[in-house]
Amino acid sequence: MKVQTRSKKVNKAWLNDHVNDPYVKLAQKEGYRARAAYKLKEIDEHFGLIKPGANVVDLGCAPGAWSQYLRRRLSPQGAAAGALNGTIVGLDLLPMEPIEGVNYIQGDFREEAVLEQLKAALNGREVDVVVSDMAPNLSGVGSVDAVRISHLIELAVDFAVHHMKKDGALVVKLFHGSGYTQLVQLFRDTFKVVKPMKPKASRDKSSETFLVGIGLK
Ligand SMILES: C[S@@+](CC[C@H](N)C(=O)[O-])C[C@H]1O[C@@H](n2cnc3c(N)ncnc32)[C@H](O)[C@@H]1O
């Protein structure tokens, strides 16, 4: 008799959810590398963040769905290739398949040398919008993970303060429970307008949510 292990059951449940997920189907149909594209799309459509000509930085960009969305958004015809009205710099620890018009840097955002590469890629341009979907490898130990998550977000806020236009916007992913209140406070201290958002494309089961900060104080 075969005994089904718990992990096999969990994998099967995940696969089932994934196959039946409308955003997975839509992503396949529309040529996005991940369903995550629809989270940024919803946030952007709600707040009107990405405007023609914008300079955008995409932190934690691999496999590239947010960058694909940004690329189409900045294309005069919404196209995945061809003319681009604006600039996109993407950064991730992991390698990423190229996306036309996206200047991709592979490296760790926590490292000074990588930050220097990012600054060089901006070539003196001030940034309109910084988006961060960065998520650290989780240890499962709540307090350790909270520190890792907070650290990445604090660095993203610091980057925005130094490289973003006064009326720019920062979008970060964060998780309920892991230093959430302190991070909201950091946003309130830094930005004129602070809004939390849980896009429909973000699974209910997931504690992930997003914070949007608009206009530096
Ligand atoms: C959820 S994925 C991003 C998905 C992406 N927004 C998309 O639409 O395809 C999170 C990414 O954050 C990256 N990441 C985590 N820590 C990082 C760090 N310190 N520096 C750069 N990237 C990091 C991971 O490598 C991972 O690819």
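**Close-up views of the ligand shell and the sheet**

**View 1. Residues around the ligand.** By class, the shell comprises 16 nonpolar, two polar and five charged residues; Ala, Val, Leu, Ile, Met, Phe, Trp, Tyr, Cys and Pro count as nonpolar, Asp, Glu, Lys and Arg as charged, and the others, Gly among them, as polar. The model is predicted: local features need pLDDT of at least 70, side-chain atom pairs count only at pLDDT 80 or more, and totals for chains, interfaces and linings use all residues. Residues are numbered from 1 along each chain as its sequence is written. Ala36, Gly60, Ala65, Phe109 and Asp133 come nearest of the 23 residues around the ligand (C-beta atom, placed from the backbone, within 6 Å of it). Helix H4 (65–73) and strand E2 are the elements that give two or more residues to this shell (DSSP runs numbered from the N terminus: helices, H or I, at least four residues; strands, E, at least two).

**View 2. The open sheet.** Seven strands in the order E3-E2-E1-E4-E5-E7-E6 form an open sheet with mixed pairing (at least two DSSP bridges between paired strands). Because strands E3 (102–106) and E6 (191–197) each have a single partner strand at the edges, one side of each is left without a neighbour in the sheet.

**View 3. Pairing of E6 with E7.** E6 and strand E7 (residues 208–216) pair in the antiparallel sense over six bridges. The bridge partner of Met197 is Phe210 in E7.

**View 4. Helix H5 on the sheet.** Helix H5 (residues 112–122) packs on the sheet and touches strand E2 (87–92), E3 and strand E4 (127–132) (contact: C-beta atoms, placed from the backbone, within 7 Å).

Definitions and conventions: Two residues are in contact if their C-beta atoms, placed from the backbone, lie within 7 Å. Axes are lines fitted to C-alpha atoms, for helices over the stretch in contact, and angles run from 0 to 180 degrees between N-to-C directions.
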